[in-house]
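Colleague: I have the model open and would like to go through it with you. Could you take my questions as they come?
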Amino acid sequence: MNELEKMLRGDVPASPDEARAAAERFAARAADEGLADVAYALVDSPLGRLLVAQTKRGLVELAYGGEEPDSMLAELSEKLSPRVLEAPGKLDDVRRQLDEYFGGRRTDFDVPIDWSLSRGFTQRVLQATAKVPFGQLATYRDMATKAGNERAVRAAGNALGSNHIPIVVPCHRIIRTGGALGGYTGGLERKEYLLQLEGVLL
Amino acid sequence: MAIPPFQTFLDSERDTVFRFLVATVGPDEAEDAFQETFISALRAYPRLKPNSNLRAWVLTIAHRKALDLFRARKRRPLPVEELPEQPVPAASPNGRSEVWTAARELPARQREALLFRFAADLPYSDVAEALGCTEEAARQRVSEAVRNLRKVMQ
């Protein structure tokens with residue numbers, strides 16, 4: 001009995017490498033056929049590994065901490081759709097633009113954006129932020145004003161703190177009235193790095 | 001708990017499903033059956049209930065795809081070199097499994113039980129779920145299949 005069961009378990013000529021390759025081909029094909037509601041890639045950058053995700057509408061998430069993506073993927077799955085697949089080929093365009101930006105060869109991003117992870121005032125603040133050009137600064141008050149409520153400075157700060165698409169929606173260009181840098185979800189050292197890259201900080 | 005992102009599900013089930021299909025349809029056709037299985041799973045995925053038994057579920061799909069493949073194969077004439085080797089070869093020089101090739105001689109219900117239990121390595125509770133029977137019935141089917149397989153192999 002045991003000998004035969006051991007054979008049944010052991011004698012399956014399938015390797016984990018083949019299974020991984022088959023799974024990668026599956027994910028690429030499913031994304032090409034439009035079956036992935038959220039396609040993502042893990043992209044190395046000077047600021048660590050980034051999780052970059054897009055829907056059919058556009059770029060929806062760009063997150064620091066791509067070394068540990070599980071909780072972020074779970075959030076995308078719950079908020080958008082559980083049809084989440086790793087399909088780096090679908091993100092070639094944004095990956096190339098990020099490379100160029102970090103290499104100093106690009107000053108603005110040309111990708112459609114899916115704003116569906118933000119709402120109302122927050123979304124208006126982020127959309128105003130998306131228009132602040134490379135190498136320039138604006139204040140939290142400016143963004144609150146553009147979003148329609150000049151007194152909601154603190155709320156504008158919170159909105160920027162909840163930005164799902166940093167770098168491309170350049171919340172690092174927004175500082176306090178008076179010139180202090182303010183905060184940054186990815187850590188202040190990343191804000192400084194980006195502002196140095198853009199020639200604003202020395 | 002909500003169902004996990006599909007990629008997480010794929011990462012945790014791909015080895016089991018691939019092994020199951022290699023044992024079921026053989027190494028040459030396992031890849032196609034694997035693709036069909038996960039495409040079907042992806043289409044149905046958002047409608048799954050939280051706390052579903054994902055492994056038993058995807059193996060049921062894989063099993064169905066394997067049956068489709070067998071039916072399609074029966075309908076079309078086979079080129080000579082694709083005929084299954086008979087008698088069952090003693091060794092497996094072409095990457096085919098001797099014991100799983102022999103298992104093709106068993107009645108379908110017994111063979112299924114073996115595949116879920118040993119190729120997919122499911123506990124009996126999951127074998128029962130995949131076969132749609134009680135755990136006790138699953139145990140019986142497996143032990144009957146092992147007995148018969150030993151006869152086939154002799």
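Colleague: In what order do the elements of chain B run from the N terminus on?
Modeller: They run α-α-α-α-α-α-α, and chain B has 7 helices and 0 strands. Helices here are DSSP runs of H or I with at least four residues, strands are runs of E with at least two, and both are numbered from the N terminus. Please keep in mind that this is a predicted model, in which local features need pLDDT of at least 70 and side-chain atom pairs count only at pLDDT 80 or more, while totals for chains, interfaces and linings use all residues. Residues are numbered from 1 along each chain as its sequence is written, and chains are lettered from A and ligands numbered from 1 in the order in which they are written.

Colleague: How much of chain B is made up of buried residues?
Modeller: Buried residues make up 40% of the 154 residues in chain B, where buried means that 20 or more other C-beta atoms, placed from the backbone, lie within 10 Å of the residue's own.

Colleague: And how many residues does each chain bring to the contact?
Modeller: Chain B brings 37 residues and chain A brings 31 residues, with two residues taken to be in contact if their C-beta atoms, placed from the backbone, lie within 7 Å. On the side of chain B that touches chain A, α1(B) gives the most, with 10 residues.

Colleague: What classes do the residues on that side of chain B fall into?
Modeller: There are 24 nonpolar, 5 polar and 8 charged residues on the side of chain B that touches chain A. Ala, Val, Leu, Ile, Met, Phe, Trp, Tyr, Cys and Pro count as nonpolar, Asp, Glu, Lys and Arg as charged, and the others, Gly among them, as polar.

Colleague: Which residues touch the most other members of the largest nonpolar core?
Modeller: Of its 90 residues, those are A39(A), L85(A), F18(B), F20(B), L21(B) and F116(B); such a core is a set of buried Ala, Val, Leu, Ile, Met, Phe, Trp, Tyr and Cys residues joined through C-beta atoms within 7 Å. The largest share of this core, 10 residues, comes from α1(B).

Colleague: What is A39(A) in contact with, leaving aside its neighbours within four places in sequence?
Modeller: A39(A) is then in contact with A31(A), A53(A), Q54(A), L85(A), A87(A), K90(A) and L91(A).

Colleague: Switching to the sheet in chain A, what is the strand order?
Modeller: The order is β3-β2-β1-β4 in an open sheet of 4 strands with mixed pairing, and two strands pair if DSSP finds at least two bridges between them. Because β3 (59-64) and β4 of chain A stand at the edges with a single partner strand each, one side of each is left without a neighbour in the sheet.

Colleague: In what sense does β1(A) pair with β4(A), parallel or antiparallel?
Modeller: β1(A), residues 38-45, pairs with β4(A), residues 84-86, in the parallel sense over 3 bridges, whereas its pairing with β2(A), residues 48-54, is antiparallel over 7 bridges. Y40(A) has E86(A) as its bridge partner in β4(A) and A53(A) as its bridge partner in β2(A). β1(A) and β2(A) also form a hairpin with 2 residues between them.

Colleague: Last topic, then: which domains is chain A divided into?
Modeller: Chain A is divided into domain 1 (2-102) and domain 2 (120-197), with bounds that come from an automatic or database domain assignment. Their C-alpha centres lie 30 Å apart, and 6 residues of domain 1 are in contact with 8 residues of domain 2.

Methods: Buried ≥ 20, exposed ≤ 12 C-beta atoms within 10 Å, placed from the backbone.
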